[in-house]
Amino acid sequence: MEAASQILRRLSISRSGLMGLVIVSIFFLMALGVWVGLLGQNWSAANGERWAVPNATWWFGTNQLGQDIFERAVFSVQTAFEIGIVVSVLSTALGATLGAVAGWRSNTWIDGTVVWLAGVLDSIPFYLFVAAVAYALQGVPWAMHVAMIATFWTATGRLVRAEVMKIKTREFVLSARAIGLPGFRILLRHVLPNTMHILLIQTSITFVAAIKTEVILSFLGLGVQDGVSWGLMLAESTQEVLAGHFNNFLAASVMLFMLLMGFNLLSDALQDTFDPKQAAL
Amino acid sequence: MPWVLSKLVHGGLLVLGVTLISFSLMVWFGPDQTYTLIGKNATEAQIAEVREQLGYDQSFVKRYGRYLSDLFTLNLGSSNSSGESVSRILQRTIPVTLALMLPGFILGNVLGIALALLATWKKDQWTDRLITGMSVTGMSISFLVVIIFLQVLLCTPYGLNLFPVRGWQVTGLVSYFHYVTVPTLSLVFITLGYNTRFYRAIFVEEAGKDHIRTVKAYGASTMAILWRHVLKNSLVPIITRFMFTIPLVVISGSLLIESYFGIPGIGKVTFDAITSGDQPVLKAVVGLTAIAFILIQVLTDFIYRLIDPRIV
């Protein structure tokens, strides 16, 4: 908790970082609202007229099927957070584990295997990899998540590996070894906590990547299978805009932009705070 | 010489891994192809025959070996849906994709380098802040949103209505520009933010080094410093970026752009193969692009050596 308040204090130094945090928090509250059943519950009801213009009943108008665009856009906040949180947390955790073990046992076959695996996964163009995973896991609703986690961990893995290799030569690790602590415990209790800043920044970066990827995959038909997301709304809108109906497109793209901008500002501020040398990379 | 050898071994191991993954995902664990290949009411014997042709009765190692040798001898089979041979399809579509994607890819990098140099020159002044702010904004806009927006703006009566909405009827230079402009603008727009930010970070770091301070002390002009020292010394990361993003931008980008604009390139073919489950096409595209990517990596290592002999 103290660490959290410290992060907040340091973030508040940068105005744009604070703005990012506020934007992300507002969206997070909306996602919670959907999750507990207060917001966006009528996203699938098709009870309006087709392509209604925004008015008092339909705040953002309706789509081709007469569904309420506002409800759909709001419900999609939850979809975005669900994908973002699952993918960013799991891929960062996977990257941290593999990277830490590889760095701790550097120049052994374990390290070689992890580095090789990361190289292999980075060599397959991402959307093709997702296509292949979706093809292999036909009908499995988590195919998209699995594909993203399986590829997004490599960046975190490389960073953590390099950091662990640096940390393990430091005095406090050497002395922990000298007093005979088991290696696994040193790694877990003394080395990994020192890579926290990398993990925090990477979680934020992969969150953005996951949401952006969902949009493309949903458009390609490989993404969200049931429910609604900004990606699906944009995919619907590709037909509507040619007929001059822009409400679906505007609602989804503006909300998507705001959330991504919030997260990008937050990531930058985190980077500036914890890793000033790498900042702006 | 051992350096060359170790690079080749490294590349070979990567190829092995990539093909192993694509084989496992698409062939070994992939959907059973038997019933897509034979008609209704097949007899037991026909089914058994097709299964034998597909190699379903053989071991993992044997089938993987066959997959590898097929890939390396370019014996790629033919498409399940059109019957056209896969190598013909590749020959037909790859030139279209390159003609479609390369202008945007190159322009996105050149503009990114130019803006990054400008930002480095005016570091911490409003020009720099504007460029940095714009690139974060650009990074927050989805590819799909950019494409839809530019299409409405440039290709429909709701906007300027200057270019065709979709398609690729290229017969000469004029029609080429007619069809390539909107996809190129989309690609530049979407890569510019990332490129500018990446190059700026590299140039700023280079500009902070001691030898630059020395050159400054000798009274060289800012332009000369940026051009002769900062840019030249940043060649290695620039080339890395360029080489490593080619396959990602060209393949992943074409998947979206071509299926959106209905352009008959490799991306559209891949997209159709994904939606119809056309295994021979998918196998070839995934396997070959991954191998091409690894070749590029090995090639990049050789180029480094040429530019900077210190690199081992």
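Just after α9(B), Gly219(B) adopts a positive phi of about 95°. The model is predicted. Helix α9 itself, residues 210-217 of chain B, is hardly covered. Among its 8 residues, the count of buried residues is 0.

Chain B holds 13 helices and 0 strands. Along the principal axes, the C-alpha atoms of chain B fill a box of roughly 85 × 60 × 35 Å. Of its 312 residues, 36% count as buried. Among contacts in chain B with a separation of 6 or more, 69% join residues 24 or more positions apart.

One helix pair in chain B was examined in detail. The axes of α1(B) and α4(B), the latter spanning residues 60-72, come within 11 Å. They cross at roughly 110°. The two helices are therefore roughly perpendicular to each other. The crossing of α1(B) past α4(B) is right-handed. On α1(B), the contact is made by Thr19(B), Leu20(B), Phe23(B), Val27(B) and Trp28(B). On α4(B), Phe60(B), Arg63(B), Tyr64(B), Tyr67(B), Leu68(B) and Leu71(B) take part. By class, the residues of this contact divide into 9 nonpolar, 1 polar and 1 charged.

Chain B also touches chain A. The contact takes 47 residues from chain B and 38 residues from chain A. On the chain B side, α1 (2-28), α6 (126-139), α7 (143-155), α8 (173-207), α11 (235-261), α12 (266-276) and α13 (279-307) each supply at least two residues. The largest share of that side, 8 residues, comes from α1(B). The chain B side comprises 32 nonpolar, 13 polar and 2 charged residues.

The largest nonpolar core has 140 residues. Those with the most contacts inside this core are Val130(A), Ala131(A), Ala132(A), Leu234(A), Leu144(B) and Leu282(B). Helix α3 of chain A, residues 69-104, gives the most to the core, with 16 residues. A second, separate core has 12 residues, among them Leu117(B), Phe198(B), Tyr199(B) and Ala207(B).

Leu282(B) is in contact with residues of both chains. Leaving aside neighbours within four places in sequence, its partners in chain A are Ala131(A), Ala132(A) and Tyr135(A). In chain B, Leu282(B) contacts Met26(B), Ala273(B) and Ile274(B). Ala131(A) and Ala132(A) are also listed with Leu282(B) among the residues with the most contacts inside the largest core.

Notes. Residues numbered from 1 in each chain as written. Chains lettered and ligands numbered in written order. Predicted model: local features only at pLDDT ≥ 70, side-chain atom pairs only at ≥ 80, totals over all residues. Contact = placed C-beta atoms within 7 Å. Helix = DSSP H or I, 4+ residues; strand = E, 2+ residues; numbered from the N terminus. Nonpolar A, V, L, I, M, F, W, Y, C, P; charged D, E, K, R; others polar. Buried ≥ 20, exposed ≤ 12 C-beta atoms within 10 Å, placed from the backbone. Core = buried A, V, L, I, M, F, W, Y, C linked by C-beta atoms within 7 Å. Axes fitted to C-alpha atoms, helices over the stretch in contact; angles between N-to-C directions. Parallel < 35°, antiparallel > 145°, perpendicular 65-115°, else oblique. Left-handed = near helix turned anticlockwise from the far one by under 90°.
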